[in-house]
Amino acid sequence: MQFASLDDIRAFCRDLARGDAGAAGAAARRQQVLTKPPGSLGRLEELAIWLACWQGRELPRLDHVAIAVFVANHGVVARGVSAYPPEVTAQMVANFAGGGAAINQIAKTAGAELRVVPIELDRPTHDLTVRSAMDEEEFLHAVDIGYRTVPERCDLLAVGEMGIANTTTAAMLCAALLGGGASRWVGRGTGVDDEGLARKRAAIEAALGFHRGILGDPLAVAAGLGGRELAAIAGAVLAARQRRTPVLLDGFVATAAVLPLVRLQSSILDHCRAGHVSAEAGHRALLREFRLDPLLDLGMRLGEASGAGLAILLLRAALACHNGMATFTEAGVSDRDG
């Protein structure tokens, strides 16, 4: 196992791998001599430089792109917080395997390998309103699964999730670590009605009271109030940082999954970008907390890495311009200085 204790994760976050400033500088200089006014491609230029920084090369590549979707079940579903029964989680895994989900189509279009990773679907986390969702060993096991899912050869990783009731868990982490109570973070998730929304808020407020003794410890919160797929996303982000692999985060749940890491080390997401901002209440506020500007805003709230998967196409466009455009000298075009 990569991490034998919570202290191992804390130590990891104190000594993070850094990007390649030299490669980033070379990429930035290249952007200045391509046949366009400087800055005219907007964020596409910044994205190309970001990829160069973390891949360590002036001309980044997207030859090996992976999408990891982690899947798990949640005991808090018994509180009536979802519009769907927990059986849907396993049914969606079968749909992923059969190629019938949205992310299957997006992965094909984006030229990405799709890795769907179910985690103990027959053993949901405990009901976090009355006990810890996971103990330390269970949490570390899920983190390890995520860590080991990241391919050795990977130019870009997109992370997402699927799990009935996990928007409740994501809102729980936000309320526990950022404050504001349930009203600030709870949304309708899969489409609960007003009564379901009230049950979600009640479950979170009950859990905040029950677990008030651990709220000052981000990793204890991640274990006691989180979920296995969220822990796996955190593990994947840590592995990607160790290997200097750039990461696209998906929606609210995937972003909340890394919140405990951010509370440990504010620079932990330097190798990450937000693929999109979802329609789920709380995601935009969470991105503001992280100072992450989402690449897309399409009103999506599906999960399963669908928004991050679409953002891969944007990165491919950024690199097509960065790597393929001619310089002023190559094209025989006069630059602004003549």
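**Exercise 1. Determine which residues Leu157 touches, leaving aside its neighbours within four places in sequence.**

Solution. Leu157 is in contact with Ala66, Ala68, Val150, Ala236, Ala240, Thr245, Pro246, Val247 and Leu248, once neighbours within four places in sequence are left aside. Contact here means heavy atoms within 4.5 Å. The structure is a predicted model, in which local features need pLDDT of at least 70, side-chain atom pairs count only at pLDDT 80 or more, and totals for chains, interfaces and linings use all residues. Residues are numbered from 1 along each chain as its sequence is written, and side-chain values use heavy atoms, with hydrogens and water left out.

Together with Ile9 and Phe139, Leu157 has the most contacts inside the largest nonpolar core, which has 118 residues. A nonpolar core is a set of buried Ala, Val, Leu, Ile, Met, Phe, Trp, Tyr and Cys residues joined through side-chain atoms within 4.5 Å. Helix H11 (residues 228–242) gives the most to this core, with ten residues.

**Exercise 2. Describe the overall build of the protein: how many helices and strands are there?**

Solution. The protein has 16 helices and five strands. Helices (H or I, at least four residues) and strands (E, at least two) are DSSP runs, numbered from the N terminus.

Finally, consider burial. Of the 338 residues, 57% are buried. Buried means under 20% relative accessible area, exposed over 50%, and partly exposed in between (1.4 Å probe, protein chains only).

**Exercise 3. Is Ser306 buried or exposed, and which residues does it contact?**

Solution. First, locate the residue: Ser306 belongs to helix H15 (residues 306–324). Its relative accessible area is 1%, so Ser306 is buried. Neighbours within four places in sequence being left aside, Ser306 is in contact with Ile103, Ile106, Asp250 and Met300.

**Exercise 4. Examine the backbone angle phi at Ala165 and at Arg244.**

Solution. Most residues other than glycine have a negative phi.

Ala165 has a positive phi, near 85°. This residue lies in the loop between strand E3 (156–162) and helix H7 (166–178). With a relative accessible area of 8%, Ala165 is buried.

Arg244 also has a positive phi, of about 60°, although it is not a glycine. Its loop runs between H11 and strand E4 (247–249). At a relative accessible area of 40%, Arg244 is partly exposed.

**Exercise 5. Where in the protein is Gln55, and what distance separates its C-alpha atom from that of Asp155?**

Solution. Gln55 is in helix H3 (residues 43–55). Its relative accessibility is 15%, so Gln55 counts as buried. Gln55 and Asp155 are 100 residues apart along the chain, and their C-alpha atoms are separated by 7.0 Å. Beyond neighbours within four places in sequence, the contacts of Gln55 include Asp155, Arg244 and Pro246.

**Exercise 6. Compare sequence separation with spatial separation for Glu330 and Thr35.**

Solution. Glu330 is found in helix H16 (residues 328–331) and, at 59% relative accessibility, counts as exposed. Glu330 and Thr35 are 295 residues apart in sequence, yet 9.2 Å apart in space, C-alpha to C-alpha.
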